[in-house]
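These are my notebook entries on a structure that I looked through for the first time.

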Amino acid sequence: MIDEKIKEKIVLALDVETFEQAKELVDELSPYVGTFKVGLQLYTGFGNEIIDYIKSKNSNFFLDVKLMDIPNTVKKASENIVLRGANFYNVHALGGLEMMKQSKEGACAAAQKLGKKPPLILAVTVLTSISQEVLDDELKVNAEVKGLAINLAKLAKQAGLDGVVASVHELRAIKEACGEDFKVLCPGIRPLWSLKDDQKRIATPAQALKDGADYLVIGRAVTSAPDRVEAMKKIYEEMGVI
Ligand code: C5P
């Protein structure tokens, strides 16, 4: 039996090269997955086809395209994302308070037009590929990565966004700074039995759940497994729900 509360938290990263591969993942895993995440790679390759396919299955989709531009452009793009049917999307908090506010305004107006509830809008704070050295030496930003990430999370909250994308390691600090209702979506999830791949700040699904993660991004731990359904079942098991 699938625990619906857990299913709602599971976001599967469709990081694949072809429409066929993405479709296969949606077909196999939709009973276990609350939301399918369409990132830049898939979106720029097969965006419309895969979105229509996910929608035809009545599954949710998260458009992970990390918007950042002038506020008016982001507002218009946010409207289109909602009109396209996304249940989630994200923006860079580094785009600033006004940009985030306008994004929300555009998204809410579009949702109202459709008679739907607004999507969840998450902010990306500091990309995990940006190290302290990059901040110091390349970008000349005089800040600690963690402090900057917390400040950007607070700014996203001030703009009225729903939450942020962050590793399980930052989860508690963000909830403490922004409140328990502020959503945190956590990538870098690795069950005990899976490879780390290139992820550095990882956590198990059970740990993420225990620390209060609202959503868990599951990628290669399942998508690269020899038996993907079995891998997904093992993740549910690890979370103590099968
Ligand atoms: O395969 P894996 O579980 O590492 O996939 C992680 C997914 O989460 C990818 O789609 C990646 O883009 C995304 N992500 C991440 N780290 C972040 C933000 C997003 O790995 N800080």
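**Entry 1: the ligand and its surroundings**

I looked up which residues surround the ligand, and they are A13, D15, K37, T128, P187, R190, Q199, V217, G219 and R220; a residue counts as near when one of its heavy atoms lies within 4 Å of the molecule. I note that this is a predicted model, in which local features need pLDDT of at least 70 and side-chain atom pairs count only at pLDDT 80 or more, while totals for chains, interfaces and linings use all residues. Residues are numbered from 1 along each chain as its sequence is written, and side-chain values use heavy atoms, with hydrogens and water left out.

I sorted the shell around the ligand by class and recorded 3 nonpolar, 3 polar and 4 charged residues. In this scheme Ala, Val, Leu, Ile, Met, Phe, Trp, Tyr, Cys and Pro are nonpolar, Asp, Glu, Lys and Arg are charged, and the others, Gly among them, are polar.

The side chain of T128 places an N or O atom 3.0 Å from a nitrogen atom of the ligand. For R190, I found a polar side-chain atom 2.8 Å from an oxygen atom of the ligand. The side chain of Q199 likewise has an N or O atom 2.8 Å from a ligand oxygen atom. On its own the ligand has 460 Å² of accessible area, and the protein covers 79% of this; the areas come from the Shrake-Rupley method with a 1.4 Å probe, and for residues only the protein chains shown count as cover.

Where does R190 lie? I placed R190 in the loop between β7 and α9, where helices (H or I, at least four residues) and strands (E, at least two) are DSSP runs numbered from the N terminus. Is R190 buried or exposed? R190 counts as buried because its relative accessibility is 5%, the classes being buried under 20% relative accessible area, exposed over 50% and partly exposed in between, with a 1.4 Å probe and protein chains only.

Besides its contact with the ligand, the side chain of R190 reaches the backbone oxygen of L195 at 2.9 Å. I also noted a polar contact of 3.1 Å between the side chains of R190 and D197. D197 is placed in the loop between β7 (183–186) and α9 (205–211). D197 is not a glycine, yet its phi is positive, at about 55 degrees. With 38% relative accessibility, D197 counts as partly exposed.

**Entry 2: K140**

I recorded a positive phi, near 55 degrees, for K140, a residue other than glycine. K140 belongs to the loop between α6 (132–138) and α7 (145–158). Its relative accessibility is 64%, so K140 counts as exposed.

**Entry 3: residues in helices and strands**

I found K210 in helix α9, and K210 is exposed, with a relative accessible area of 67%. The C-alpha atoms of K210 and G188 are separated by 15 Å, the two residues being 22 residues apart along the chain.

L216 is in strand β8 (residues 215–218) and is buried, with a relative accessible area of 1%. I looked up L216 and D136, which are 80 residues apart along the chain, and their C-alpha atoms are separated by 30 Å.

A177 is in helix α8 (residues 168–178) and counts as partly exposed at 34% relative accessibility.

Conventions: Polar contact = N/O pair within 3.5 Å; in protein donor to acceptor, adjacent residues only side chain to side chain.
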